[in-house]
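Hi,

Here is the structure I promised to pass on. Have a look at it first, then read my notes below.

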Amino acid sequence: VKDGLPSNEVYDVIQDCQGFIWFATENGVAQFDGSQFTTLTMRDGLPDNTVYKLYEDAVGRIWFLPLHGLPVYYKDFRIHSLQAKDGKCSNSLIVRSVSEKNGRVVFAVGSGFYSVEADGNILTSAFQKVEAGELREAIGFDPADESYWTRIVDLQDHPVCVEIKRQ
């Protein structure tokens, strides 16, 4: 912390394709360039200072998955927010993410998932309401028909399956 890391509480660490090391903390995201830290917070565009997961996609965006709010990504020295075409987005807790070679990223959330295009627009969101408090989930990609799937099971072991086909 005395050298520039914003918190002793670190949830995730990644090294990006350019060699920078990123730290997800309770007080923002820190980027280490080998000699100094740069910290990004809500003042810079994070929806929440607590970021629990980092992810670099195939086109070099660094995704920040906050404790509250939608994921955002860092590209061209700034934070970019997601833009839903229908204006509807859930602020559900993100639990997993997957990337495709064409730049599309799929984020699985508690009751469905978002498919985000390379330009940052949310292409598709599919949700089925689940009343249970805790969920277990899995996400996958079926190359045969190019669809993403997620299987979510509630506390009573009732499965919820949501599928998105590529357009």
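Strands of a sheet pair through backbone hydrogen bonds, either parallel or antiparallel.

Keep in mind that this is a predicted model. The mean pLDDT of the protein chain is 74, with 56% of its residues at 70 or more. Where pLDDT is low, the predicted coordinates should not be read in detail.

Now the sheet. Four strands form an open sheet in the order E5-E6-E7-E8, and the pairing is antiparallel. Strand E5 (51–56) and strand E8 (78–81) are at the edges with a single partner strand each, so one side of each has no neighbour in the sheet. On average, neighbouring strands of this sheet are turned by 30° against each other, ignoring direction. Trp63, for one, has Tyr73 in E7 as its bridge partner.

And the salt bridges? Searching the whole structure turns up two. One joins Lys53 and Asp12, whose closest N and O atoms are 3.8 Å apart. Lys53 sits in strand E5 and Asp12 in strand E1 (residues 10–15), so this pair ties together parts 41 residues apart in sequence. Lys53 is partly exposed, at 34% relative accessible area, while Asp12 counts as buried at 15%. The other links Arg61 to Asp57, at 2.5 Å from N to O, and both of these residues are buried.

Cheers

Notes: Residues are numbered from 1 along each chain as its sequence is written. This is a predicted model: local features need pLDDT of at least 70, side-chain atom pairs count only at pLDDT 80 or more; totals for chains, interfaces and linings use all residues. Side-chain values use heavy atoms; hydrogens and water are left out. pLDDT is the predictor's confidence in each residue, from 0 to 100. Two strands pair if DSSP finds at least two bridges between them. Helices (H or I, at least four residues) and strands (E, at least two) are DSSP runs, numbered from the N terminus. Axes are lines fitted to C-alpha atoms, for helices over the stretch in contact, and angles run from 0 to 180 degrees between N-to-C directions. A salt bridge is a side-chain nitrogen of Lys or Arg within 4 Å of a carboxyl oxygen of Asp or Glu. Buried means under 20% relative accessible area, exposed over 50%, partly exposed in between (1.4 Å probe, protein chains only).
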